[in-house]
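Work through the exercises below with the model in view. Try each task before reading its solution.

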Amino acid sequence: TVGDILKYIETLAPRSMKMDWDNVGLLCGSKATPVTKVLVALDPFEHVCREAADWGADLIVTHHPLIFQAMKSITDETSIGRGIMTLLQDGICAINAHTNLDCAPGGVNDVLAAKLGLENIQVIAPAGTNEEGLPYGLLRCGEVSEQSLEHFLGHVKTALGCEGLRFVDGGKPVRKVAVGGGSCAGGMLEALDTGCD
């Protein structure tokens, strides 16, 4: 059921680990809904909801939330409204794990740090610890062998399969790196305070 899948996701990324402003969990449908087909996506955009309906999915699981801020109406006059209406008309439920999955041990930011080959990975400014005593929080930092920024960015492009990067050259080599999937600019000063290059 949707409830079984939600329970499993929340064992990996408990909702208690989400940022205060975030919206996570079951955002459309019923926990009792039986599930045989799940569509997984980054965002629950209108075309993703339509794809789920066309494919016959019972559930969409996304990283970003279907409903992020309070809505005053759900109509066919907005893309979000049309997406929600598609899900409701086709009996499709929607679950997301957003900042709880970013913050969780083994979650998005740990995977990102590992993908970049960082070593001695630590949580920057932990928000707490989980049941196993592991710290959790939004940002990670780790180390690489000292190298030029140009060399490190070439590695980042290859590791993440991206065509380009935006950066500012601080004029020094890279040794300690902070990572955060998504909008993490608010943690930049904390990253600098930990000695990140």
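**Exercise 1.** Is H47 buried or exposed?

*Solution.* Start with the ground rules. This is a predicted model, where local features need pLDDT of at least 70, side-chain atom pairs count only at pLDDT 80 or more, and totals for chains, interfaces and linings use all residues. Residues are numbered from 1 along each chain as its sequence is written, and side-chain values use heavy atoms, with hydrogens and water left out. Next, take the cut-offs: buried is under 20% relative accessible area, exposed over 50%, partly exposed in between (1.4 Å probe, protein chains only). H47 has a relative accessible area of 54%, so H47 is exposed.

**Exercise 2.** Find the buried residues of α2 and what they pack against.

*Solution.* First, locate H47: it is found in helix α2. Then list the buried residues of α2: V48, C49, A52 and A53. They cover an arc of only 140° around the axis, so they sit on the same side of α2. H47 and D54 are exposed on the other side of α2. Last, the partners: the buried residues pack against β2 (38–41), β3 (59–62) and α3.

**Exercise 3.** Describe how α2 meets α3.

*Solution.* Take the axes of α2 (residues 46–55) and α3 (residues 79–89). They come within 8 Å and cross at roughly 15°. That makes α2 roughly parallel to α3 (angles under 35 degrees count as roughly parallel). Now name the contact residues (heavy atoms within 4.5 Å). α2 gives E46, C49, R50 and A53; α3 gives S79, R82, G83, T86 and L87.

Key
Axes fitted to C-alpha atoms, helices over the stretch in contact; angles between N-to-C directions. Helix = DSSP H or I, 4+ residues; strand = E, 2+ residues; numbered from the N terminus. Parallel < 35°, antiparallel > 145°, perpendicular 65-115°, else oblique. Arc of directions from axis to C-beta.
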